Amino acid sequence: KEQREMESLETRIHEFEVNKEVLQVEVNANSDDYLVLHELTRQLQTLDAALDSAITRWLELVEMSGES
């Protein structure tokens with residue numbers, strides 16, 4: 001069960017990282033539009049929180065698998 005969760009998390013982490021790169025490009029391209037920039041920044045913050053959570057859980061699972 002934990003192995004499947006780890007694999008799922010690895011996929012999600014990769015997707016989060018790709019989405020973060022895309023958002024960062026959009027932020028750079030829209031630096032002159034405050035409203036768009038504000039929304040993109042909010043999305044980046046939400047994405048960062050989800051990414052941090054996924055990485056933390058993945059690390060927990062790695063540690064648990066190493067203790068077995």
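Visitor: Why is Lys-20 called partly exposed?

Guide: Lys-20 has a relative accessible area of 31%. Buried means under 20% relative accessible area and exposed means over 50%, with partly exposed in between (1.4 Å probe, protein chains only). The value for Lys-20 falls in between, so Lys-20 counts as partly exposed. Please note that this is a predicted model, in which local features need pLDDT of at least 70 and side-chain atom pairs count only at pLDDT 80 or more, while totals for chains, interfaces and linings use all residues. Residues are numbered from 1 along each chain as its sequence is written, and side-chain values use heavy atoms, with hydrogens and water left out.

Visitor: What makes Lys-20 and Asp-48 a salt bridge?

Guide: A salt bridge is a side-chain nitrogen of Lys or Arg within 4 Å of a carboxyl oxygen of Asp or Glu. The closest N and O atoms of Lys-20 and Asp-48 are 2.8 Å apart, so the pair meets the definition. Lys-20 belongs to helix α1 and Asp-48 to helix α2, so the pair ties together parts that are 28 residues apart in sequence. Asp-48, at 27% relative accessibility, is partly exposed.

Visitor: How many salt bridges does the structure hold?

Guide: The structure holds four salt bridges. One of them joins Glu-39 to Arg-42, whose closest N and O atoms are 2.6 Å apart. Glu-39 and Arg-42 are three residues apart in helix α2, and therefore about one helical turn separates them. Glu-39 has a relative accessible area of 31% and Arg-42 has 41% relative accessibility; both residues count as partly exposed.

Visitor: What makes Arg-57 and Glu-60 a salt bridge?

Guide: Their closest N and O atoms are 3.3 Å apart, and the two residues form a salt bridge. Arg-57 and Glu-60 both lie in helix α2, three residues apart, about one turn of the helix. Salt bridges that share partners also bring in Glu-5, joining Glu-5, Arg-57 and Glu-60 into one network.

Visitor: How many helices and strands are in the protein?

Guide: There are two helices and zero strands. Helices (H or I, at least four residues) and strands (E, at least two) are DSSP runs, numbered from the N terminus.

Visitor: How do you know that the end-to-end distance of α2 agrees with its number of residues?

Guide: The expected span of a helix is 1.5 Å times one less than its number of residues. The 34 residues of α2 should span 50 Å, and the end C-alpha atoms of α2 are 49 Å apart, which agrees. In α1, which has 28 residues, the distance from first to last C-alpha is 40 Å, close to the 40 Å expected.

Visitor: Why is the set of Met-6, Leu-9, Ile-13 and other residues called a nonpolar core?

Guide: A nonpolar core is a set of buried Ala, Val, Leu, Ile, Met, Phe, Trp, Tyr and Cys residues joined through side-chain atoms within 4.5 Å. The largest such core has 12 residues, including Met-6, Leu-9, Ile-13, Phe-16, Leu-47 and Ala-54. The elements that give two or more residues to this core are α1 (2-29) and α2 (34-67). In soluble globular proteins, nonpolar side chains tend to be buried together.

Visitor: Which residues of α1 are buried, and what covers them?

Guide: The buried residues of α1 are Met-6, Leu-9, Ile-13, Phe-16, Leu-23 and Val-27, and their cover includes α2. In turn, the buried residues of α2, among them Leu-40, Leu-44 and Leu-61, have α1 as part of their cover.

Visitor: Which residues is Phe-16 in contact with, leaving aside its neighbours within four places in sequence?

Guide: Phe-16 is in contact (heavy atoms within 4.5 Å) with Leu-47, Ala-50, Leu-51 and Ala-54.
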